[in-house]
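Thank you all for coming.

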Amino acid sequence: MLLIPCPWCGDRPHNEFSYTGDATIKRPVDANAPAEDWNAYVFLRDDPKGPHDELWHHVNGCRRFLKVRRDTYTHEILGSAKPHEDITSNEGGAA
Amino acid sequence: MAKYSIFSLARNAASYHTNWPKAWRSPDPKPEYDVIIIGGGGHGLTTAFYLAKLHGINNVAVIEKGWIGGGNTGRNTTIVRSNYYLEANAHFYENSMKLWEGMSQELNFNVMFSSRGVLNLAHTPSAIDSFQRRGNAMRLNGIDAEYMNRDQIAKMVPLLNMSPDSRFPVMGGLLQPRAGTARHDAVAWGYARGADERGVDIIQNCEVTGFDIENGKIKGVQTTRGAIKAKKVGCAVAGHTSQLMDMAGLRTPIEAHVLQAMVSEPVKPALDTVVTSGAAHCYISQSDKGEMVFGGDLDFYNSYAQRGNFPTIEFVTASIKWLFPAFSRLRLMRSWGGVMDMSMDGSPIISKTPIEGLYLNAGWCYGGFKATPGSGWCFAHTIANDEPHPYNAAFTLNRFEKGYTLDEKGAGPVPKAH
């Protein structure tokens, strides 16, 4: 079980959450942006092996979204933040 | 190469099986090859085998960072089927299915392919409609499919929970009788032996660390055992496609996710077909050793860990227990995870890339094992001719930006589809 530090609720088991994916992708602001930009937004992912910033939805909790930095190889949780905030990495975080 | 037969078995039994020759060599890498295949799993070995057998390209190396068949080839639940709705998928997987049917003879290696049937359960009237539509599409494409009603299923799978009061009552099902299971390790070993016999160098414990690309053209690869030149390079490393393509400067429509599977303690024969339920999110079959082999959904977060978490194991075992109440007393013997190449439309990629001479075989999602022979067959054709075979012409890398995704599930751009 992953222990996810929800910025509102504290450490909660991960099956209270729904995973929403890569938090770094940005929707093009301009609807007429080049097709490559839309392709990158809809389909392309960095998919790193290591620290990964991702969105989780605390769907069976406070129902709010949060950002989590998690290592995709060790599953170690390195930090979390509210969606509009930057994550300050906590190397000794709960694993 | 010693031919395997009843006579060679008897001959070697007389010497207590101590004199069997090695099934493949362990050569040092040559400085240059016509084709290098990165990834010594089922797909890579099959590609090398068919390059040598069908396309006359024997100066080939398969480079594997660990040992052959040690990745997802050895981690799957061994299900083989071709029950697809979309035409591009149907023809590709049916070609693969036909190769499965002749594989043991083609390789002179017993892969224990067993046409025990794959039964998808329908639990709602709309699921019945969609299964009948898929079954009809399959039959139009020349693939066997039979709609099964409730009574037929109760007779065919006696241990299945047929209670009309259960959470997901069984209402019907779609059966592909020719589908089944095979022994996964033997597939890797059989193709490795066949490729080696035709001159392919299988180089294990050799990890690719970079590509040599000049003016948009591939020149070779850098490895932990030195640089190796090559005219063409094919990548078949599903699970780590993003890492390898990063080295070539290409971003891919792929995420790595962990998928778990597990086996129970072995019991006497109790289940002679493969049963799957989309609604309950699980599938199960019984191995030749007697273990119940089953799995379910992804853990649903990006992962390269080759291990998952307990909530998924709990969910899958609960689903199996609901389908087969009798199995509730079985003890779980092992569970493990594999890293899936989850493409953004649920369909694979067998394609040229923007780099000349670099080819990509990736994005197999949950279902790479059943595709093993057809994947290598098409990938070998694509590499040898520098253009895809009609069977994999739709599996391009640029189909996403062009708007020609193959979204079998109709789920939109998510890396979660089967």
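Predicted model: local features only at pLDDT ≥ 70, side-chain atom pairs only at ≥ 80, totals over all residues.

Residues are numbered from 1 along each chain as its sequence is written, chains are lettered from A and ligands numbered from 1 in the order in which they are written, and side-chain values use heavy atoms, with hydrogens and water left out.

Let me start with chain A, which has one helix and six strands; helices (H or I, at least four residues) and strands (E, at least two) are DSSP runs, numbered from the N terminus. Along the sequence these elements follow the pattern β-β-β-α-β-β-β, and the C-alpha trace of chain A spans about 40 × 30 × 20 Å along its principal axes. Of the 95 residues in chain A, 40% are buried, where buried means under 20% relative accessible area, exposed over 50%, and partly exposed in between, with a 1.4 Å probe and protein chains only. If we take contact to mean heavy atoms within 4.5 Å, then among the contacts in chain A between residues at least 6 apart in sequence, 40% join residues at least 24 apart.

Now to the interface, where 26 residues of chain B are in contact with 22 residues of chain A. The two chains bury about 2,200 Å² between them, 52% of it on carbon and sulfur atoms; buried area here is the accessible area (1.4 Å probe) that two parts lose on being put together, summed over both. Between chain B and chain A there are 12 residue pairs in polar contact, both at pLDDT 80 or more, a polar contact being a pair of N or O atoms within 3.5 Å, of which, within protein, one must be able to donate a hydrogen and the other to accept it, and residues adjacent in sequence count only if both atoms are side-chain atoms. On the side of chain B that touches chain A, helix 7, strand 12, strand 15 (292-302) and helix 10 (399-402) each supply at least two residues, and strand 12 gives the most, with four residues.

Which side chains meet in a salt bridge with A:Asp46? The partner is B:Arg251, at 2.9 Å, N to O, and a salt bridge here is a side-chain nitrogen of Lys or Arg within 4 Å of a carboxyl oxygen of Asp or Glu. B:Arg251 lies in the loop between helix 7 (241-247) and strand 12 (254-264) of chain B, and A:Asp46 in the loop between helix 1 (35-42) and strand 4 (51-57) of chain A, so the pair joins two chains. B:Arg251 is partly exposed, at 39% relative accessible area, and A:Asp46 is partly exposed at 41%.

Within chain B, B:Asp144 and B:Arg178 meet in a salt bridge at 2.8 Å, N to O, and the pair ties together parts that are 34 residues apart in sequence. B:Asp144 is buried, with a relative accessible area of 17%, whereas B:Arg178 is partly exposed at 21%. Another salt bridge, at 3.1 Å, N to O, brings together B:Glu265 and B:Arg331, tying parts that are 66 residues apart in sequence, and B:Arg331 counts as exposed at 60%. Salt bridges that share partners also join B:Glu94, B:Glu101, B:Asp144 and B:Arg178 into one network.

Turning to the cores, a nonpolar core is a set of buried Ala, Val, Leu, Ile, Met, Phe, Trp, Tyr and Cys residues joined through side-chain atoms within 4.5 Å. The largest has 59 residues, and among those that touch the most other members are B:Leu45, B:Leu51 and B:Trp100. Apart from this core lies another, of 30 residues, including B:Ile203 and B:Leu358.

Finally, B:Thr372 sits in helix 9 (residues 368-385) of chain B and is buried, at 3% relative accessibility. Leaving aside neighbours within four places in sequence, B:Thr372 is in contact with residues including B:Gly42, B:His43 and B:Trp100.
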